[in-house]
Amino acid sequence: MVAMVNKDLLPLKFQVPFLGEVVFLSQGLKYNLELILFWGPWAPFENNWHLKEDYKRVTRREALAKELSKHILWVGLVNLLFLPVIFLWQLLYSFFSYAELVKREPGFLGSRMWSLYGRLYLRHFNELDHELNARFCRGYRPASQYMNIFTSHLLTVIARSCTFFAGSVLAVLLGLTVYDEDVITVENVLTIVTVLGMVVAVGRSLIPDEHLVWCPERLMQNILAHLHYMPDHWNGQAHTYHVRDEFSHLFQYKAGHLLGELVSPLATPLVLCLHLRHRALDIVDFLRNFTVEVVGVGDVCSFAQMDVRKHGNPQVLQLSGCEGSLLLLYFLNTSMIITDPPT
C-alpha cells in the first residue's frame, strides 16, 4: 500500500469547492482498502505472500479489472447499507476516546499530528513501525514550529477577543465564589465556569508568541533531515502558503483528524463506489508490473527490493567512482531517492 500511495494510484486527493485540494484517508477507508486488496475473500492476494496467478497474466487484465471493480462496488454498497450503525459506533468511540482528554487539555484539538496519509506517504519501504515512529517523533518539533509560522491575523484577533471576554466573566464568577461559596451551588454556574475555562484555554493556544521568530527554510531543512522528503518545488519556497498547504496534508490538526473519522462512514462508500472502482484496471496493471517473486519470501513489491538501477533517478546512475558508491549506499540505507544529484 505504501507504493500505491506514493504512485497516487489510490484516489485519496479530491478537489472540494471553497476548500481546494483535500486529502482524505481515514481508518475506515484504510481498513476497506486492505480488505479489498490484501486479505479479503476476493482480494488479489491468496495470502500475505502470494499474488494469484491470474493477476500475473496480461491476457487476463480486462476480466480481472471488471471483477475487481464489481467487488469494490459491493463493498461500497455494504458500507452504505450499514452507514447508520457505523456512524453511531464512530460517534460513540470518538466521544469516549476524546471527551475526557479535551476536558483535561482543551488545547488538544488545536495541536497537530502526522496524518494517516502522511504515515503511508513518508514511510520507507521495509521500514519497521518503531523506526517510522522514531523518525516522526524527531521531526514533530520542527514540523510544529514550521506550521506555527503561518498565523491568521483575523483568527488571532478573534481568539484574543474571545479570550478577553471569557476570561473577564470567568474572573468575576471566581471572585464571587471566593466571596460567597454559595454562588457555586447556583444552577449552571459550575457548567459556565467549565465552558469559559475551555474557551480561555483554546483561545490562548491560538494566539502566537509575538516574540518568537523562525526561519522557514532552516526549519524545512530540519524537517527534511528526519522525514527524507522534500519535492523540488519546495526548495526555496518554504515561506509560501502553497508549500504550507501541501505540508498540512501530511501534518494535520487533530481536530481535522477527528472530523475526518466522523465523516468517514459517509465518505468511505462514496470513495469506493465513485472513485476507486474506476481505478480497477490501473490496480491490476500495478500488481502485475511491480510484483516480483523472491525465493524464500514470496511475492513482494519490486520497490521493496531497493533496486536503484530500476526505480532510481537516471542522473544518479551516471555518477561513478567513490561519489556514486557512497550515494548508492546512502539510498539503500535510507530508502530515499532525491531528484537532483549533488554536484
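Student: What covers the buried residues of α9?

Tutor: The cover includes β5 (112-114), α6 (129-149) and α10 (241-248), where contact means heavy atoms within 4.5 Å. Helices (H or I, at least four residues) and strands (E, at least two) are DSSP runs, numbered from the N terminus. This is a predicted model, in which local features need pLDDT of at least 70, side-chain atom pairs count only at pLDDT 80 or more, and totals for chains, interfaces and linings use all residues. Residues are numbered from 1 along each chain as its sequence is written, and side-chain values use heavy atoms, with hydrogens and water left out.

Student: Which residues of α9 are buried?

Tutor: Pro216, Leu219, Met220, Ile223, Leu224 and Leu227 are buried; the word means under 20% relative accessible area, with exposed over 50% and partly exposed in between (1.4 Å probe, protein chains only).

Student: What makes tryptophan 114 and phenylalanine 247 a pair, and of which kind?

Tutor: Rings of Phe, Tyr and Trp (its six-membered ring) pair if their centres lie within 6.5 Å; planes under 30 degrees apart count as stacked, over 60 as edge-to-face and the rest as tilted. Here the centres are 6.3 Å apart and the planes at 85 degrees, so this pair is edge-to-face. The pair links strand β5 with helix α10, its residues being 133 residues apart.

Student: Are tryptophan 114 and phenylalanine 247 buried or exposed?

Tutor: Tryptophan 114, at 8% relative accessible area, is buried, and phenylalanine 247, at 1%, counts as buried too.

Student: What is the pair of phenylalanine 290 and phenylalanine 303 called, and why?

Tutor: Their ring centres are 5.0 Å apart and their planes at 20 degrees, so the pair is stacked. Phenylalanine 290 counts as partly exposed at 23%, while phenylalanine 303 counts as buried at 11%.

Student: How do you know where arginine 112 lies relative to tyrosine 253?

Tutor: A charge sits over a ring if NZ of Lys or CZ of Arg is within 6 Å of the ring centre and within 35 degrees of the ring normal. Arginine 112 lies over the face of tyrosine 253, at 3.8 Å from the ring centre.
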